Structure formats: structure tokens, C-alpha cells
Amino acid sequence: MPPASSEVSAAASDPGPQRVLHALAVFELSKGALALAAVAAAGELVHWEHSHALDTLLARLPVSIEGHAARILLRAAGMLDGHRLGDLEMLASGYAALRAVEGIGLWLGRAWGQWIALISALSYLPWEIWG
């Protein structure tokens, strides 16, 4: 359970926990930025011819073109159109906003930032159990 706000302010005098919170904050903000960058890259795929763009991308990545990851990427790109891209952009924007709020809360050492981090981490639990 995240500490109460009085415990957070008491921990602020010790730089160790503050460094951990700052590192987590940067990590969460980076995940949000990465999600937005991935959607921007997907948007470029809609405007390019899929096969040319993917051939270029796969040639630069350290993956086999015949491999499992490449097949998943090719299948996903084939299903990408303007409407689905809009849905993906909205989903990624919400994800990035959540990560930004979480990161800011953690950076400032606020209890609500730690609560968001806890709830966010627990939201993955069902997939871990049943996956």
C-alpha cells in the first residue's frame, strides 16, 4: 500500500526514496512517450505503401523477415486503416495521459501518484494470471 502523505513528506528528507520515485517517474513518462511515438509511426504506415515501409523497417531491425514477430507486424499493418488508426491514437493518448499523471505524481512524491502506480500495476494482474 502506498504510504500516507505524511510518510511521503518524511521520506523526502532521505534522498534514497526520492531517487527511486524520480527513476520510476522518468520510466512512466518514457512509456507514455513511446506509446505516442509508436502511434505516430503507425500513422506514417497508413500514408506509405505498407509493404515498402515494412520492408524498410524490417531490414533495419534485428529480426528475421520470416520470423514470428515479422508476421505479427505484417498482419497488424494489413489491418490498419484510417478508422482503426484513429481508435489507436485515442487509446495511446489516454495511455500517455495516464502515464504522464502517474509520472508527475511520482516525481513530486505525492501519495496519489503512488496510488495510480499501484492500481496501474494491479490492472495487469488478470492477464498475468490467465495468460
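Trainee: How many salt bridges does the count come to?
Mentor: The model is a predicted one, and the count comes to three salt bridges.

Trainee: What makes the pair K31 and E28 a salt bridge?
Mentor: The criterion asks for a side-chain nitrogen of Lys or Arg within 4 Å of a carboxyl oxygen of Asp or Glu. The N to O distance between the side chains of K31 and E28 is 3.3 Å, so the pair meets the criterion. The two residues are three apart in helix 2 (residues 15–47) and are therefore separated by about one helical turn.

Trainee: Why is K31 called partly exposed, and why is E28 called buried?
Mentor: Buried means under 20% relative accessible area and exposed means over 50%, with partly exposed in between. K31 has a relative accessibility of 25%, so K31 counts as partly exposed. E28 has 8%, so E28 counts as buried.

Trainee: How do you know that R99 forms a salt bridge with E28?
Mentor: The closest N and O atoms of R99 and E28 are 3.1 Å apart, and the limit is 4 Å, so the pair qualifies. R99 lies in helix 5 and E28 in helix 2, so this pair ties together parts that are 71 residues apart in sequence. Both R99 and E28 are buried.

Trainee: What makes R99 and E102 a salt bridge?
Mentor: The side chains of R99 and E102 meet at 2.6 Å, N to O, which is within the 4 Å limit, so the pair is a salt bridge. Both residues lie in helix 5, three residues apart, about one turn of the helix. R99 is buried, as is E102.

Trainee: Which residues do salt bridges that share partners join into one network?
Mentor: The network consists of E28, K31, R99 and E102. R99 is bridged to E28 and to E102, while E28 is also bridged to K31.

Trainee: Which residues make the contact, and how do they divide into nonpolar, polar and charged?
Mentor: Helix 5 contributes L98, R99, V101, E102, G105 and L106, and helix 6 contributes W112, G113, Q114, I116, A117 and S120. These residues divide into six nonpolar, four polar and two charged. Arg and Glu count as charged, so R99 and E102 of the contact fall into that class.

Trainee: Where is the place of L108, and why is L108 called partly exposed?
Mentor: L108 is in the loop between helix 5 and helix 6. The relative accessible area of L108 is 47%, so L108 is partly exposed. L108 and H22 are 86 residues apart in sequence, with 8.2 Å between their C-alpha atoms.

Trainee: How many helices and strands are there in the protein chain?
Mentor: The protein chain has seven helices and zero strands. Of its 131 residues, 23% are buried. Among contacts between residues at least 6 apart in sequence, 69% join residues at least 24 apart.

Note on methods:
Residues numbered from 1 in each chain as written. Predicted model: local features only at pLDDT ≥ 70, side-chain atom pairs only at ≥ 80, totals over all residues. Heavy atoms only, no water. Contact = heavy atoms within 4.5 Å. Helix = DSSP H or I, 4+ residues; strand = E, 2+ residues; numbered from the N terminus. Buried < 20%, exposed > 50% of the residue type's maximum accessible area, 1.4 Å probe, protein only.
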